[in-house]
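Dear colleague,

Please find below the structure that I am handing over to you. My notes on what was found in it follow directly after.

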Amino acid sequence: MLRIIKFLIYCVVLAVAAGFIYFYFKSPAKTDVETGKARINEIESMVRLCAVDIYSEIPVLDTINDKVIFGIQKQSGSISFDLEKLNADTLGDTVRIILPPEIVELYESTEDNSWEVIDTKNIGLLGVLRSDKLTDREENIVKAEIKKNSIKRLYRTGVVRRARAEGKRNIEELAQNIYRKPVIVTDTAPDGCLKMK
């Protein structure tokens, strides 16, 4: 009985030693990591007035490199105005301000399933020999085209025009509270400064 207990203790000690040796030599080598002081190259402060928040789901039907793609992209963004670029004339009894150019920002939404490819098909002459699946590069080209077309649609459907009108009203109210005198905001490009065809 004593022999069996000694043998079991011997086996446990050997197993622990073997495990220690195994994990010691199998553990990844430690790498030296150097850190340095962080630097800020440029600070740009920007005060923006957001006139319109954008959220939309865009159906996608496009071709690239003899491949057809059908899908849906969820987009989010905003149309805002940089208040630091306000051209204000504060002399006299009325403040006169020229509405600055709009800043149109439009991105693929960060929520789940914001990009959903429903189907792709190779329609070229060698369609049988080539894959239907789009490469990452092709997908990125399609997404860039979607963004460009969506921004054009914001101008064409009057969303930017409404955002500029809303921005004009908001800046008038804001400036009247700041200057405590009448304010006239002039919009020199009501359809948008960056109007796209």
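I begin with Lys74, which is buried, with a relative accessible area of 16%; buried means under 20% relative accessible area, exposed over 50%, and partly exposed in between (1.4 Å probe, protein chains only). Please note that this is a predicted model, in which local features need pLDDT of at least 70 and side-chain atom pairs count only at pLDDT 80 or more, while totals for chains, interfaces and linings use all residues. Residues are numbered from 1 along each chain as its sequence is written, and side-chain values use heavy atoms, with hydrogens and water left out.

The side chain of Lys74 meets that of Glu111 in a salt bridge, at 3.3 Å from N to O. A salt bridge here is a side-chain nitrogen of Lys or Arg within 4 Å of a carboxyl oxygen of Asp or Glu. Lys74 belongs to strand E2, whereas Glu111 sits in the loop between strand E5 (102-108) and strand E6 (115-122), so the pair ties together parts that are 37 residues apart in sequence. Glu111 is partly exposed, at 36% relative accessible area.

By the same rule, the count comes to 9 salt bridges. Another of them joins Arg164 and Glu102, whose closest N and O atoms are 2.8 Å apart. Arg164 is part of helix H3 (residues 159-179) and Glu102 of strand E5, so this pair links parts 62 residues apart in sequence. Both Arg164 and Glu102 are buried.

A further salt bridge connects Glu145 with Lys148, the closest N and O atoms being 3.7 Å apart. These two residues are separated by about one helical turn, because they lie 3 residues apart in helix H2 (residues 136-156). Glu145 is partly exposed at 32%, and Lys148 is partly exposed at 37%.

Beyond its neighbours within four places in sequence, Ser78 is in contact (heavy atoms within 4.5 Å) with residues including Cys50, Ile54 and Glu105.

As for the chain as a whole, its secondary structure comes to 3 helices and 7 strands; helices (H or I, at least four residues) and strands (E, at least two) are DSSP runs, numbered from the N terminus. Buried residues make up 28% of the 197 residues.
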